[in-house]
Structure formats: structure tokens, C-alpha cells
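Please consider the following note alongside the sequence and the coordinates.

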Amino acid sequence: MNVLFVNACVREESRTKVLADAVLKKLGGTVTEVNLNDSDLQPLNREHLNYRSERAGRRDYSDPMFDHAKAFAAADVIVVAAPYWDLSYPAVLKIYIEQVMVDGLTFLFSEQGIPTGLCKAQKLIYVSTAGGKVYGGNMGYDNVKVLAEAFWGIKETMLFQTEDLDVWGVDIKAQLDKTVAEIEQSNL
Ligand SMILES: Cc1cc2nc3c(=O)[nH]c(=O)nc-3n(C[C@H](O)[C@H](O)[C@H](O)COP(=O)(O)O)c2cc1C
């Protein structure tokens, strides 16, 4: 099983990474990590978008700019680790998503504008930690879940998250341990 680990944990001492490690341990398989903190990915600007659209328009995906999308489409399971930032996720994850949203590689648009998923993965696991409470749902996860289901064709998405980590006096380890136990007991 090929596991693609999309690591959007920015801080060196990331608590979200603790949850990701528990998921990866439970899953097993061969893990390929995309560490977005080390990557030099840039947001799609006008020049890159025009270049990419022109290539994708004639189904020429030979440029290395499509490598992330190809790896994403080929993975058996995808694990995304992203701290809860500004009610969603760090911008590096959005930049990565721009890279993998390629018509003809991770999804295919019909003439009626309806996407069909082209990703092999049947499961995407998202882990996150938040400083406070995640009111109204984790909007970072919600965004990725809709992309997974509606565009990439990934049927099952799962969220594991720990809240309240920046609440004064909270036992951070105990909070994380509860989520790690949830991960260990889950049916990944
Ligand atoms: C730039 C930034 C934005 C944040 N935004 C939120 C937020 O919207 N809601 C929240 O509950 N915590 C927020 N936090 C706190 C983090 O979610 C929390 O510290 C989390 O555990 C960080 O994960 P990490 O230890 O993996 O880096 C934010 C932290 C940073 C640095």
C-alpha cells in the first residue's frame, strides 16, 4: 500500500504531527512524504496558470509541474496533516491543492461541468490540532472533504483532531493521547 503523506505542519514542534505519526504507524505501508514546509511551491500566478492551462488543455502532462498531481492520483491512501490556522489550514496546503487540482490527472470535467474523480485512493485521513474549540466544524477538513468526494473521487474521508491545545493550563499530552487512542482504536 502506497501512502502519500501531505505534511502541512509548519512548526518544528508540531502537535498535529504527533497525530499524523499515529495514523502512519497504524496504516503501515510505504510512506511518501510531501513536506510542504520544505517545498518551494509557489501560488499559481497568471504566468504559471496560463502555462499550465495550455498544457493541460492539450493533455500534455510531461512538465514536472504536474508531478504532485500524478503522485496524488496514484496513491492508495492519502494522509493530510494540517494545524487549524485562521479557521482552516496553513496557506502552504492551499498552494499544494492548487498543484494537484489538475483537470485530466486528479479529476476530469465533463462537458456539462461535472467532475469525475481520477484518484486511485479510496480513503483520505485528515489530522489537525486547534488552539481552542473548533466551532461549527473544522473548515479546513470540510474543504478537503468536499474536494475529495466531489472532485478526486475519494469516497471516504476521516478527521482526527485535538482541540484546546492553547488553552491555559490544559494538559497537552493528555489531550493528544486521547486522540492518539482514538486513532489506534479506529478502523483505518
Ligand atoms: C497562524 C496561526 C493561526 C491560528 N488560528 C487558529 C484558529 O483559527 N483557531 C484555533 O482554535 N487555533 C488557531 N491557532 C492555534 C493552533 O491551531 C494550535 O496552536 C495548533 O495546535 C497548532 O498546531 P501545531 O502544534 O501542529 O503547530 C492558530 C495558530 C497559528 C500559528
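1. Basis. This is a predicted model, in which local features need pLDDT of at least 70 and side-chain atom pairs count only at pLDDT 80 or more, whereas totals for chains, interfaces and linings use all residues. Residues are numbered from 1 along each chain as its sequence is written, and side-chain values use heavy atoms, with hydrogens and water left out.

2. Helix packing. Helix α3 (residues 67-74) packs against helix α4 (residues 91-100) at an angle of about 85°, and their axes are 7 Å apart. α3 is therefore roughly perpendicular to α4, a term that covers angles of 65 to 115 degrees. Axes here are lines fitted to C-alpha atoms over the stretch in contact, with angles running from 0 to 180 degrees between N-to-C directions; helices are DSSP runs (H or I) of at least four residues and strands are E runs of at least two, numbered from the N terminus.

3. Residues at the helix contact. His68, Ala69 and Phe72 of α3 meet Tyr96, Gln99 and Val100 of α4, contact meaning heavy atoms within 4.5 Å. Four of the contact residues are nonpolar, two are polar and none is charged.

4. Salt bridges overall. The whole structure contains 11 salt bridges, each defined as a side-chain nitrogen of Lys or Arg within 4 Å of a carboxyl oxygen of Asp or Glu.

5. Arg15 and Asp166. These side chains form a salt bridge with an N to O distance of 2.8 Å. The pair links distant parts of the chain, 151 residues apart: Arg15 lies in the loop between β1 (2-7) and α1 (16-27), and Asp166 in the loop between β7 (156-162) and α6 (172-185). Arg15 counts as buried because its relative accessibility is 17%, whereas Asp166 is exposed at 56%. Buried means under 20% relative accessible area, exposed over 50% and partly exposed in between, using a 1.4 Å probe and protein chains only.

6. Lys173 and Asp177. Which helix holds both Lys173 and Asp177? Both lie in helix α6, four residues apart, about one turn of the helix. Lys173 is exposed, with a relative accessible area of 56%, while Asp177 is partly exposed at 38%.

7. One of its links is the salt bridge between Asp60 and Arg55, at 3.6 Å from N to O. Arg55 counts as buried, at 18% relative accessibility.

Technical notes:
Angles under 35 degrees count as roughly parallel, over 145 as roughly antiparallel, 65 to 115 as roughly perpendicular and the rest as oblique. Ala, Val, Leu, Ile, Met, Phe, Trp, Tyr, Cys and Pro count as nonpolar, Asp, Glu, Lys and Arg as charged, and the others, Gly among them, as polar.
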